[in-house]
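Please look at the sequence and the model first, then go through the points by topic.

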Amino acid sequence: MDVENDTVPVENGELFYEAAGVGTEGDPSVVLLHGGMLDQRMWDEQFTWLAQSGLRTVRYDARGHGLSSTVDGDYANHEDLRTLLDHLGIARAILVGLSHGARIALDMALAHPDRVFALALASPGVSGRAFTDPFILEHIKEQVAALTDEEDGTERYIEHFLRMWVDGPHRAPDAVDPALRERMRASADANVVVHAGGMGAGVPIEVGAYERLAEIRVPTLVLDGDLDSSDISANAHAITLAVPGAQRVRIPGAAHMVNLENTGHFDHALHGFLSGLPY
């Protein structure tokens, strides 16, 4: 499979992307949006089959992640995405996002509704809604404390990330596939090493999607794991209730990283959703 990779200039930086698949003229492209502290490689399993199925497929590193620019001031992820679509000549996109990627996808659908054809939102974050799950709040508190520890602060910071967004509130670390945990650890560690200088250098400008979900008017699929945080379950429920026609698929035996923990179930649901879209 031929894969194109390049960078796209955005305000005060650039985004790294990869694209593959030919697609049919006039059909929307699929754009994959990764979770926070990770990068576009978390979509390795889906990127290949999507491109080979006849869809032009794009994945990219959001600002402050992977091979894209480190944050150096306030920015808007949805405007970075719009710039990427413009650069690639994509008029409308099917946005497939996980966690922070789903948060960006929702903001994009509200800020630029004419550019979004459909949404597949996995373990969705939603701008404008604060965390309330005590499990998440405690690990966030510990992450903040780790930032001041020069001895093993980075290691502790990443471990709390893994507890929240890989293990989840219902499992001990040793109950999780060690290969998955190590893959996520390596990705988060690389991200922290490269982009530590951008921490606190700027804040993302968002649209406050939580209060505006009912404005979304595109086909929407929500996928969430049965072992994830109550905050994510609440987000999935809210989106399904508010967005007309939204479908929700509960992924069994998975916490936050649903596309990697139960890949077969996730891919089947995503394939069914994409196949049913009114191209």
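**Helices, sheet and a buried arginine**

Helix α5 passes α6 in a right-handed crossing. The model is a predicted one.

**α5 and α6**

- The axes of α5 and α6 come within 10 Å and cross at roughly 130 degrees.
- The two helices α5 and α6 are therefore oblique to each other.
- On the α5 side the contact involves T154, I158, E159, F161, L162, R163, V166 and D167.
- On the α6 side the partners are L180, R181, M184, R185, A188, D189 and V192.

**α5 itself**

- Helix α5 spans residues 153-167, which is 15 residues.
- From its first C-alpha to its last, α5 reaches 20 Å, close to the 21 Å expected at 1.5 Å a residue.
- Of the 15 residues of α5, 11 are buried, so the helix is largely enclosed by the rest of the structure.
- The buried residues of α5 are G153, Y157, I158, H160, F161, L162, R163, M164, W165, V166 and D167.
- The cover over these buried residues includes α4 (134-146), α6 (178-195), α7 and α8 (258-261).

**α4 and α5**

- The axes of α4 and α5 come within 8 Å, and they cross at roughly 170 degrees.
- That angle makes α4 roughly antiparallel to α5.
- The crossing in which α4 passes α5 is left-handed.
- From α4, the contact is made by F135, I136, H139, I140, E142, Q143, A145 and A146.
- From α5, the contact is made by G153, R156, Y157, H160, F161, R163, M164 and W165.

**The sheet**

- An open sheet of 8 strands has mixed pairing and the order β1-β2-β4-β3-β5-β6-β7-β8.
- Strands β1 (3-10) and β8 (247-251) stand at the edges with a single partner strand each, so one side of each is left without a neighbour in the sheet.
- On average, neighbouring strands of this sheet are turned by 20 degrees against each other, direction ignored.
- Strands β6 (residues 116-122) and β7 (residues 220-225) run parallel and are joined by 4 bridges.
- A122 has L223 in β7 as its bridge partner.

**Helices on the sheet**

- Helix α2 (residues 77-88) packs on the sheet, where it touches β1, β2 (13-20), β3 (29-33), β4 (57-60) and β5 (93-98).
- The direction of α2 makes about 125 degrees with that of β1.
- Helix α7 (residues 230-242) lies across β6, β7 and β8 and runs at about 160 degrees to β7.
- Helix α7 is also one of the elements that cover the buried residues of α5.

**R63**

- R63 lies in the loop between β4 and α2.
- With a relative accessible area of 5%, R63 is buried, because the cut-off for buried is under 20%.
- R63 and V10 are 53 residues apart in sequence, while their C-alpha atoms are 9.3 Å apart in space.
- Leaving aside its neighbours within four places in sequence, R63 is in contact with V10, E11, N12, G13, L15, S68, S69, V71, Y75, N77 and D80.

How values were computed:
Residues numbered from 1 in each chain as written. Predicted model: local features only at pLDDT ≥ 70, side-chain atom pairs only at ≥ 80, totals over all residues. Heavy atoms only, no water. Pairing = 2+ DSSP bridges. Axes fitted to C-alpha atoms, helices over the stretch in contact; angles between N-to-C directions. Contact = heavy atoms within 4.5 Å. Expected span 1.5 Å × (residues − 1). Buried < 20%, exposed > 50% of the residue type's maximum accessible area, 1.4 Å probe, protein only. Parallel < 35°, antiparallel > 145°, perpendicular 65-115°, else oblique. Left-handed = near helix turned anticlockwise from the far one by under 90°.
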